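Colleague: I would like to learn how to read a few features of a model like this one. Could we take them one at a time?

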Amino acid sequence: GCLLLNSFVFFLSSDVAPFIEFLKSIQEGTIVLMGTYDDGATKLNEEARKLIAELGSTSITNLGFRDNWVFCGGKGVKTKSPFEQ
C-alpha cells in the first residue's frame, strides 16, 4: 500500500459536522490513528461515535468528559481493535 497522511484537528468549540464528513470520507482498507487529550468527548454526537465504532473502537461509546483516549483501527475491519486505551 501507500502512505496516505491526513489529519483533522477538532476543538471543543468546533462544529462536529466537518469531523463527521471526514470520518465518512475514509476509504476502505485505510488504517486510522486517533487520539484525544483533555476532553475529546463533549462534542461527539451519536453519529460521530457510531462512525468511530465502525472503525473498530469499543471504548468510544463510553468516552466521557475529560477522558484521554488513543485508538488504532481501520475502515472495513471485521473485528474490534485490540489497540485502544
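Colleague: Which residues of helix H1 are buried?

Modeller: In helix H1 (residues 17-25), a DSSP run of H or I with at least four residues, the buried residues (under 20% relative accessible area, 1.4 Å probe, protein chains only) are Phe19, Ile20 and Leu23. Because they cover an arc of only 100 degrees around the axis, they sit on the same side of H1, the arc being that of the directions from the helix axis to the C-beta atoms. This is a predicted model, in which local features need pLDDT of at least 70, side-chain atom pairs count only at pLDDT 80 or more, and totals for chains, interfaces and linings use all residues. Residues are numbered from 1 along each chain as its sequence is written, and side-chain values use heavy atoms, with hydrogens and water left out.

Colleague: What do the buried residues of H1 pack against?

Modeller: They pack against helix H2 and strand E1 (31-36), a strand being a DSSP run of E with at least two residues.

Colleague: Where does Arg49 lie, and which residues does Arg49 touch?

Modeller: Arg49 belongs to helix H2 and, setting aside residues up to four places away in sequence, touches Ala41, Leu44, Ile60, Thr61 and Leu63, where contact means heavy atoms within 4.5 Å. Although Arg49 is buried, it has no salt bridge (a side-chain nitrogen of Lys or Arg within 4 Å of a carboxyl oxygen of Asp or Glu), and Glu46, the nearest side chain of opposite charge, is 5.7 Å away.

Technical notes:
Buried means under 20% relative accessible area, exposed over 50%, partly exposed in between (1.4 Å probe, protein chains only). Lys and Arg count as positive and Asp and Glu as negative; His and the chain ends are not counted.
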